[in-house]
Amino acid sequence: GLLLRSMIRLLTVYDLPLASQMGPKFYVEGKVPGEFIPEVFVASWTTLIERGLGFIVGLFKESKLCGCLGAAVTKCLNSGQLIANEQFWFVLPEARGDGLRMVPAYEDEAMKRGAKRCSMALIKNLQPEALGAYYERRGYVAFEIAYAKELK
C-alpha cells in the first residue's frame, strides 16, 4: 500500500485538545485505573508545557496525530539532578510500529532540557514483554513494578 509520510514534533498547547482525544482510548485499552477527563488533561499539560516542566512528543501521519509520549522533567528529590519521567505513551493501532520512533525523540528532548536520566513505564495490558525488550535494547534497566489501588 501507499506509505504515509510521518513526522515527529513537540506538541504545543494548541495541540492538547487533539491529544486529549486519545486519552479515553488509552484508558480502555490499557485498563488504566482511574478516570480520564480531557479538560483536566489539557489544563495540566498546558501548565507543564508553559512552565517548561513537561513536554509531549507527537507522531503525525500526514496531518493526523497518531501518537503521543508525554514526560515531566523535574529535579530528583534525592540527588537534585534533572530527570525526565514518561507520564503516558499511546499510539493508535495503525501507527504502532512507527510509534517506537517517539522514544529516541523523547530522550533527545530530555537531554536538551538537561535531564541526566529518563524513565519509561510498562502497562501490564499493553505489550509489556515486547516493550520491555525494546527498552532494554535502548539501555533501560527495569528496577520497579508499580501497583495502583482505588481508595473508597
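Before you start, note that the model is predicted: local features need pLDDT of at least 70, side-chain atom pairs count only at pLDDT 80 or more, and totals for chains, interfaces and linings use all residues. Residues are numbered from 1 along each chain as its sequence is written, and side-chain values use heavy atoms, with hydrogens and water left out.

**Stop one: helix α2**

Select residues 23-30, which make up helix α2. Helices here are DSSP runs of H or I with at least four residues, strands are runs of E with at least two, and both are numbered from the N terminus. Now colour Gly23, Phe26 and Gly30, the buried residues of α2; buried means under 20% relative accessible area, exposed over 50%, and partly exposed in between, with a 1.4 Å probe and protein chains only. These residues span an arc of only 60° around the axis, so they sit on the same side of α2. The arc is that of the directions from the helix axis to the C-beta atoms. Next, show α1 (16-20) and β4 (82-91), which are among the elements covering those buried residues, where contact means heavy atoms within 4.5 Å. Then step just past α2 to Lys31, which has a positive phi of about 50°.

**Stop two: the aromatic rings**

Across the whole structure, a search finds eleven aromatic pairs. Rings of Phe, Tyr and Trp (its six-membered ring) pair if their centres lie within 6.5 Å; planes under 30 degrees apart are stacked, over 60 edge-to-face, and the rest tilted. Pick Phe41 and Trp45: their ring centres are 6.4 Å apart and their planes at 45°, so this pair is tilted. The two lie four residues apart in helix α3 (residues 38-50), about one helical turn, and both are buried.

Move on to Tyr135 and Tyr140, another tilted pair, with centres 5.6 Å apart and planes at 50°. Tyr135 is buried at a relative accessible area of 5%, and Tyr140 is buried at 14%.

**Stop three: the cysteines**

How many disulfides does the structure hold? There are zero, a disulfide being a pair of cysteine sulfur atoms within 2.5 Å. At Cys66, the nearest cysteine sulfur belongs to Cys68, 9.6 Å away; Cys66 is buried, with a relative accessible area of 2%. At Cys118, the nearest cysteine sulfur is that of Cys76, 14 Å away, and Cys118 is partly exposed at 23%.
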